[in-house]
Amino acid sequence: MPMVIVKPIVYGNTAKHFGSKRDSDGHTHKWKLYVRSFNNDDMTKYINRIQFRLHETYQTNVRVLNQPPYEIEESGWGEFETQITIFFADPYEKPVIFFFHLKLFSTDPDVVVGRKPLVNEYYDELVFQEPS
Ligand SMILES: O=C(Nc1ccc(C(=O)N2CC(c3nccs3)C2)s1)[C@@H]1CCCN1
C-alpha cells in the first residue's frame, strides 16, 4: 500500500468595503487573495511557488509568489474568476490549479456596513505519494 502524505491547505479571499466608491478609479473594496497551510506548517518544504491569475484588466494580472505569505492584496469593484496554481518543490509533481471566484459582496449586515470583513475560503488537501 503506497504511503501518501497529505498537506491540508486553505485558499480564498477576504474583502472589506472602502465605505464609499473611490473617485480616482471607482474601486469600492480592498481584498486579499491567499493560500495558507491549514496547520501553519512551513509550506516551502513542498511548494516552490504559487501563481495567482487575476482578471486581465489588472496590471500584471499574473502574480507569482516564491515564499510565504502566499497572499496578494488588491482593490476593485467587482467579483471575478481567478486561478491559483501551486508549483511543487518536487519537479515530478504536476502543478495543481484551483479555480476560485473572488467574492466581495455579502448579505451579512455586519459585512455590508464594514463592521467585519468578508471571509470566503475553502479547505483542500495536497496529496503526495511517498517516494517508494
Ligand atoms: O466585476 C466583474 N468583473 C471585474 C473585472 C475586474 C474588476 C475590478 O474590480 N477591477 C479591474 C481593476 C482595475 N481598476 C483600474 C484599472 S483595472 C479593478 S471587476 C464581473 C462583471 C459582472 C460581474 N462581475
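A residue is called buried when its relative accessible area is under 20%, exposed when that value is over 50%, and partly exposed in between (1.4 Å probe, protein chains only). The structure is a predicted model, in which local features need pLDDT of at least 70 and side-chain atom pairs count only at pLDDT 80 or more, whereas totals for chains, interfaces and linings use all residues. Residues are numbered from 1 along each chain as its sequence is written, and side-chain values use heavy atoms, with hydrogens and water left out.

The protein contains 1 helix and 8 strands; helices (H or I, at least four residues) and strands (E, at least two) are DSSP runs numbered from the N terminus. In sequence order, these elements follow the pattern β-β-β-β-β-β-β-α-β. The C-alpha trace spans about 60 × 30 × 20 Å along its principal axes. Of the 132 residues in the protein, 36% are buried.

Salt bridges were identified as a side-chain nitrogen of Lys or Arg within 4 Å of a carboxyl oxygen of Asp or Glu. This rule gives a count of 7 salt bridges. One of them joins R22 to D25, with the closest N and O atoms 2.7 Å apart. R22 is partly exposed, because its relative accessible area is 34%. D25 is likewise partly exposed, with a relative accessible area of 34%. In another salt bridge, the side chains of R63 and E74 meet at 2.9 Å, N to O. R63 belongs to strand β4 (residues 62–65) and E74 to strand β5 (residues 70–76), so this pair ties together parts that are 11 residues apart in sequence. R63 counts as buried because its relative accessibility is 17%. A salt bridge also links K116 and D108, at 2.8 Å from N to O. K116 is partly exposed, with a relative accessible area of 37%, and D108 is partly exposed at 22%.

The loops show several backbone features. The peptide bond from P68 to P69 is cis, with omega near 0°, and P69 is placed in the loop between β4 and β5. N40 has a positive phi of about 55° although it is not a glycine. This residue is in the loop between β2 (29–37) and β3 (47–53) and is exposed, with a relative accessible area of 67%. T60, also not a glycine, has a positive phi of about 35°. T60 is in the loop between β3 and β4 and counts as exposed at 59% relative accessibility.

The ligand is surrounded by H27, H55, T57, Y58, G76, W77, G78, E79 and F80, a residue being near a molecule if one of its heavy atoms lies within 4 Å of it. By class, this shell has 3 nonpolar, 5 polar and 1 charged residues; Ala, Val, Leu, Ile, Met, Phe, Trp, Tyr, Cys and Pro count as nonpolar, Asp, Glu, Lys and Arg as charged, and the others, Gly among them, as polar. A nitrogen atom of the ligand is 2.7 Å from an N or O atom in the side chain of H27. An oxygen atom of the ligand lies 2.7 Å from a polar backbone atom of W77.

How values were computed. A polar contact is a pair of N or O atoms within 3.5 Å; within protein, one must be able to donate a hydrogen and the other to accept it, and residues adjacent in sequence count only if both atoms are side-chain atoms.
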